[in-house]
Amino acid sequence: LFQGNSMFNLVMSQIFSLIISVVMSVFSAGVYYMFLNVSRGKKTSMQDVTYLFYHHPDRIIVVSLIVTVVQYLLMLPSMIMNYRMDVSANLLEVLQQSLLVSLVMFVGIVVAQLVTMPIAFGYYLLIDDVEMNATDALKKSMQMMKGNYGRYIYMQLSFLGLMILGV
């Protein structure tokens, strides 16, 4: 949408990406709502995906903004390195720069996952309790995750094979 290498285009592109990410998080929370209903044996429909657009979407948006901003900040070094990469250099230098950017990006992704892990259940708590606000959901998620990081990582890694097959 915003083409070119100017700073304005890059910033606008990131802002637009943030907005899309927040809107998609409400859809994702709708999918979580549908999964929660399935697990409880309740009837589900495709309207469940948009359910949270009509039932306090502000709570989901707050949690999403917090998670997304933290992830953006942790990925910022790789974004800056990628922007500053000299593509006019010879092939070996470009490959070395690309490898370094990829390594920094991988580290950023891992750190972002570890930092946002305590609030992993924020969406589910908000879906389950209509009266709960975003800050209470984040606090409760942190409390629930205390001492359960290893199990959560194990659970996430157990789906890795399925994710690879899905690609």
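What follows covers confidence, then a group of aromatic residues, then a cavity.

First, the ground rules. This is a predicted model, so local features need pLDDT of at least 70 and side-chain atom pairs count only at pLDDT 80 or more, while totals for chains, interfaces and linings use all residues. Residues are numbered from 1 along each chain as its sequence is written, and side-chain values use heavy atoms, with hydrogens and water left out.

On confidence, the protein averages a pLDDT (the predictor's confidence in each residue, from 0 to 100) of 87, and 98% of the residues score at least 70. Helices here are DSSP runs of H or I with at least four residues, numbered from the N terminus. Where pLDDT is low, the predicted coordinates should not be read in detail.

Now pick out Tyr 32, which sits in helix H1 (residues 7-39). Setting aside neighbours within four places in sequence, Tyr 32 is in contact (heavy atoms within 4.5 Å) with Tyr 123, Tyr 124 and Ile 127.

The structure holds six aromatic pairs (rings of Phe, Tyr and Trp, the last by its six-membered ring, with centres within 6.5 Å; planes under 30 degrees apart are stacked, over 60 edge-to-face, the rest tilted). Tyr 32 and Tyr 124 have ring centres 4.9 Å apart and planes at 25 degrees, so that pair is stacked. Because Tyr 32 lies in helix H1 and Tyr 124 in helix H5, the pair ties together parts 92 residues apart in sequence. Tyr 124 also forms a tilted pair with Phe 121, at 6.4 Å centre to centre and 50 degrees between the planes. Tyr 32, Phe 121, Tyr 123, Tyr 124 and Tyr 152 form one aromatic cluster.

Finally, Ile 127 turns up again in the lining of the largest cavity, along with Tyr 51, Leu 52, His 55, Arg 59, Leu 126 and Val 130. H2 and helix H5 (122-128) each supply at least two of the lining residues.

Key:
1 Å grid on protein atoms, 1.4 Å probe; cavity = no way out; pocket = protein on both sides within 12 Å on 5 of 7 lines; lining within 4 Å.
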